[in-house]
Amino acid sequence: MGWVKLIGGLLMCVAGVALGVYVGAWVCFVGGIKQVVWAVQQHPIPPMTVATGVLRFVCTGICAYISCALLAVPGYLLIRKA
């Protein structure tokens, strides 16, 4: 049954990296830029929307690291126990 833990751990590590890239690149980086551009195009510029868009852009690395670690660390621990 050690190979099941090994395959599960590898899948979790790969899924963690994919989740980190998705959250970091698309949700935070691209989403933050799109949010700021949309907010600036509005007639009365909503400052909170601009601020949250800039915050998403600035915290891209932190969000990517945390979302990657949520799956990669348990996957690594499964591989070590296999």
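Tutor: What follows is a walk along helix H1 and then out to the helices that cover it. Keep in mind that this is a predicted model.

Start with the span. H1 runs over residues 2-41, which is 40 residues. From its first C-alpha to its last it reaches 56 Å. At 1.5 Å a residue, 58 Å is expected, and the helix comes close to that. H1 is not straight throughout: it bends by about 35 degrees at Gly 31.

Now the buried positions. Gly 31 is itself among the buried residues of H1. What covers them includes helix H2 (47-58) and helix H3 (60-81).

Val 21 sits in H1. Its relative accessibility is 53%, so it counts as exposed, the cut-off being over 50%. Val 21 and Ser 67 are 46 residues apart in sequence, yet their C-alpha atoms are 8.9 Å apart in space. Ser 67 is one of the buried residues of H3.

Ala 25 is also in H1. At a relative accessible area of 40%, Ala 25 is partly exposed. With neighbours within four places in sequence left aside, Ala 25 is in contact with Gly 20 and Val 30. Trp 3 is 22 residues from Ala 25 in sequence, and the C-alpha atoms of the two are 33 Å apart.

Next, the partner H2. H1 and H2 pack at an angle of about 155 degrees, and their axes are 7 Å apart. The two helices are therefore roughly antiparallel. The crossing of H1 past H2 is left-handed. On the H1 side, the contact is made by Val 27, Cys 28, Phe 29, Gly 31, Gly 32, Ile 33, Gln 35, Val 36, Trp 38 and Ala 39. H2 brings Thr 49, Val 50, Thr 52, Gly 53, Val 54, Arg 56 and Phe 57.

Pro 47 counts as exposed, at 64% relative accessibility. Pro 47 and Tyr 65 are 18 residues apart in sequence, with 28 Å between their C-alpha atoms.

Then the other cover, H3. This helix has 22 residues and reaches 32 Å from first C-alpha to last, close to the 32 Å expected at 1.5 Å a residue. H3 has a kink too, of about 35 degrees, centred on Ala 69. Its buried residues are Thr 60, Ala 64, Ser 67, Ala 72 and Gly 75. They pack against H1 and H2.

Finish with Leu 78, a residue of H3. Leu 78 is partly exposed, with a relative accessible area of 28%. Neighbours within four places aside, Leu 78 is in contact with Lys 5, Gly 8, Gly 9 and Met 12. The C-alpha atoms of Leu 78 and Val 4 are separated by 9.5 Å, although the two residues are 74 apart along the chain.

Methods: Residues are numbered from 1 along each chain as its sequence is written. This is a predicted model: local features need pLDDT of at least 70, side-chain atom pairs count only at pLDDT 80 or more; totals for chains, interfaces and linings use all residues. Side-chain values use heavy atoms; hydrogens and water are left out. Helices (H or I, at least four residues) and strands (E, at least two) are DSSP runs, numbered from the N terminus. The expected span of a helix is 1.5 Å times one less than its number of residues. The bend at a residue is the angle between axes fitted to the seven residues ending there and the seven starting there. Buried means under 20% relative accessible area, exposed over 50%, partly exposed in between (1.4 Å probe, protein chains only). Contact means heavy atoms within 4.5 Å. Axes are lines fitted to C-alpha atoms, for helices over the stretch in contact, and angles run from 0 to 180 degrees between N-to-C directions. Angles under 35 degrees count as roughly parallel, over 145 as roughly antiparallel, 65 to 115 as roughly perpendicular and the rest as oblique. A crossing is left-handed if the near helix is turned anticlockwise from the far one by less than a right angle, and right-handed if clockwise.
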